[in-house]
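Q: Please take a close look at one part of this structure. Which elements and residues surround it, and what else do they take part in?

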Amino acid sequence: YLRAHNGRPSAATAHEVTRMRILGPPPKGVTLATVKALLPGLGATALFVNDMAPALWAAAVKYAVDPVGLIAQAFKETGGGTFKGNVRAEFYNPAGIKLRHPGLFPGVTDGDNPLAHSMFASWAVGAEAHAQHLRAYTGALIDGHLVVDPRLVFVVGKYQVDTFEELGGKWAPSPTYGTEIVSIAAKLIGA
């Protein structure tokens, strides 16, 4: 993925490991301010920059998830805060997390219908659900925290992924899903 060079993030060379780990800190020297400054250049909305990104960064730090990766994934899921898919901004759901029991009301809460997706009380709660859900994909537990991810029980133990690249075909059907997140993350640190 990325490496620190002279204390600053830089793109990895062809001979270096280029995998982006899900768990861990952001690249050395990268802060929320760094990411927020670069988001508008990628087409992020003011909502994404000012409300979503800070909540995502805080949740990522709380759950030891790479905050750049979490923000990059939310950027991909929400179209940079444009919400042109079935999840609306008013759902406060930055990851497209489904309901605990999708399909309870056929034709309403099944498939990719809007109401098949979870709705959270705020960006802070939605970001925590996103961080918990992503952490669960690594097999790591959520100890000592209130679980707000309604689908956590369906993910823990099902997957053991270490990198964002491995999310392709698991979090989303596309085999390139994870590499697309990594590409966004690289842009978020100026690489």
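A: Start with helix 3 (residues 67-78), which gives 3 residues to the lining of the second largest pocket, the most of any element. Helices here are DSSP runs of H or I with at least four residues, strands are E runs of at least two, and numbering starts at the N terminus. This is a predicted model: local features need pLDDT of at least 70, side-chain atom pairs count only at pLDDT 80 or more, and totals for chains, interfaces and linings use all residues. Residues are numbered from 1 along each chain as written, and side-chain values use heavy atoms, without hydrogens or water.

The second largest pocket holds about 250 Å³ of space. It has 16 lining residues, and Glu77, Gly85, Asn86, Val87 and Gly96 are the closest to its centre. A pocket is an open set of points on a 1 Å grid over the protein atoms alone, where a 1.4 Å probe fits and protein lies on both sides within 12 Å along at least five of seven lines; lining residues have an atom within 4 Å of a point. Volume is the space filled by probe spheres set on the points, which are joined across faces, edges and corners. The lining divides into 5 nonpolar, 7 polar and 4 charged residues. Nonpolar covers Ala, Val, Leu, Ile, Met, Phe, Trp, Tyr, Cys and Pro; charged covers Asp, Glu, Lys and Arg; the others, Gly among them, are polar.

Most residues other than glycine have a negative phi. Ala64 also has a positive phi, near 60°. Ala64 lies in the loop between helix 2 (46-62) and helix 3. At 39% relative accessibility, it is partly exposed; buried means under 20%, exposed over 50%, and partly exposed in between, with a 1.4 Å probe and protein chains only.

Next, the rings. Phe83, Tyr92 and Trp123 form a cluster linked by ring pairs. Rings of Phe, Tyr and Trp (its six-membered ring) pair if their centres lie within 6.5 Å; planes under 30 degrees apart are stacked, over 60 edge-to-face, and the rest tilted. The count comes to 5 aromatic pairs. Tyr92 and Trp123 are edge-to-face, because their planes stand at 75°, with ring centres 5.1 Å apart. Trp123 belongs to helix 4 and Tyr92 to the loop between helix 3 and helix 4, so the pair ties together parts 31 residues apart in sequence. Tyr92 is partly exposed at 29% relative accessibility, while Trp123 is buried at 10%.

Tyr137 and Tyr159 are stacked, because their planes are at 5° and their ring centres 4.6 Å apart. Tyr137 lies in helix 4 and Tyr159 in the loop between helix 5 and helix 6 (177-188), so this pair ties together parts 22 residues apart in sequence. Tyr137 and Tyr159 are buried.

Of its 16 lining residues, His133, Tyr137, Arg151, Lys170 and Trp171 are the closest to the centre. Helix 4 (123-137) and helix 5 (152-155) are the elements that give two or more residues to this lining. Its classes are 9 nonpolar, 2 polar and 5 charged.

Last, Leu188 in helix 6. Leu188 is buried, with a relative accessible area of 0%. Among the residues it touches are Val68, Ile71 and Ala72; contact means heavy atoms within 4.5 Å.

Methods:
Lists of a residue's contacts leave out its neighbours within four places in sequence.
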